[in-house]
Amino acid sequence: FELVPVIGKALSLISKTFFKWRKSDDVRQLADRQVQKEKLVQEFTHILKRMSDEHSLVLFLDDLHWADESSIALLFHIARHLQEQRILILGTYRPTDIEAARGDKAHPLKDVVYELHRYDLCATIKLGYLTKAHIRDFLDAYLGKHALGAAFVDYLHDLTEGNPLFV
């Protein structure tokens with residue numbers, strides 16, 4: 001199984017699709033864009049399927065709270081259509097950011113996470129805040145016992161408020 005032809009075909013489709021998209025109110029062009037977008041999603045899904053037929057895949061998606069609606073829709077599509085494949089998708093996001101509304105509507109990731117749970121396609125692992133003792137243990141394990149004093153642990157805890165993403 002060679003990835004070069006598959007990746008080449010995908011890049012060709014992506015470049016043709018994105019360079020053709022222009023801002024326009026023409027209904028036909030908008031419909032063409034939608035068709036091209038659906039083709040792109042199908043092609044990307046096909047690539048992942050072919051890759052996972054040969055090898056297990058791990059997709060790590062960081063900061064999903066910053067993702068746009070199209071990217072979140074792609075994530076949902078992949079999760080739904082490739083659930084039998086050997087693909088593990090790990091995504092991180094800040095729950096406080098998806099709870100906050102975007103103007104007058106909810107964050108699109110909030111609905112997708114709900115739907116993925118409904119279809120039993122995901123598990124949520126909530127990270128709690130770290131205590132000073134947790135931070136001390138982490139620093140000791142990473143840097144060696146007592147490499148940094150208690151004052152630094154206090155400072156780091158105060159600075160990050162114990163948020164594990166910032167420690």
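The model is predicted, so local features need pLDDT of at least 70 and side-chain atom pairs count only at pLDDT 80 or more, while totals for chains, interfaces and linings use all residues. Residues are numbered from 1 along each chain as its sequence is written, and side-chain values use heavy atoms, with hydrogens and water left out.

**Overall fold**

- The chain's secondary structure consists of seven helices and two strands. Here helices (H or I, at least four residues) and strands (E, at least two) are DSSP runs, numbered from the N terminus.
- In sequence order, the elements follow the pattern α-α-β-α-β-α-α-α-α.
- Of the 167 residues in the chain, 25% are buried. Buried means under 20% relative accessible area, exposed means over 50%, and partly exposed lies in between (1.4 Å probe, protein chains only).

**Salt bridges**

- There are seven salt bridges in the structure. A salt bridge is a side-chain nitrogen of Lys or Arg within 4 Å of a carboxyl oxygen of Asp or Glu.
- One of them joins the side chains of K49 and D53, at 3.4 Å from N to O. Both residues belong to helix α2 (residues 27–54) and are four residues apart, about one turn of the helix. K49 is partly exposed at 34% relative accessibility, and D53 is partly exposed at 43%.
- Another joins the side chains of K110 and E99, at 3.2 Å from N to O. K110 is in helix α5 (residues 108–118) and E99 is in helix α4 (residues 95–99), so this pair ties together parts that are 11 residues apart in sequence. K110 is partly exposed, with a relative accessible area of 34%, whereas E99 counts as exposed at 51%.
- A further salt bridge links the side chains of D140 and R136, at 3.0 Å from N to O. These two residues sit in helix α6 (residues 132–143), four residues apart, about one turn of the helix. Both D140 and R136 are buried.

**Helix crossing**

- Helix α6 also takes part in a crossing: its axis and that of helix α7 (residues 150–160) come within 9 Å and cross at roughly 120°. Axes are lines fitted to C-alpha atoms, for helices over the stretch in contact, and angles run from 0 to 180 degrees between N-to-C directions.
- The angle makes α6 oblique to α7. Angles under 35 degrees count as roughly parallel, over 145 as roughly antiparallel, 65 to 115 as roughly perpendicular and the rest as oblique.
- α6 and α7 cross in a right-handed way. A crossing is right-handed if the near helix is turned clockwise from the far one by less than a right angle, and left-handed if anticlockwise.

**Strands and the nonpolar patch**

- V58, F60, L88 and L90 make a nonpolar surface patch of about 390 Å². Patches are made of residues with over 30% relative accessible area and no salt bridge; like charges are joined within 9 Å, and nonpolar side chains (Val, Leu, Ile, Met, Phe, Trp, Tyr) within 5 Å.
- Strands β1 (57–61) and β2 (87–91) each supply at least two residues of this patch.
- L88 lies in strand β2 and is partly exposed, with a relative accessible area of 45%.
- I89 is also found in strand β2 and counts as partly exposed, at 27% relative accessibility. The C-alpha atom of I89 is separated by 9.4 Å from that of I78, and the two residues are 11 residues apart along the chain.

Methods. Areas by Shrake-Rupley, 256 points an atom, 1.4 Å probe, with all protein chains shown as cover.
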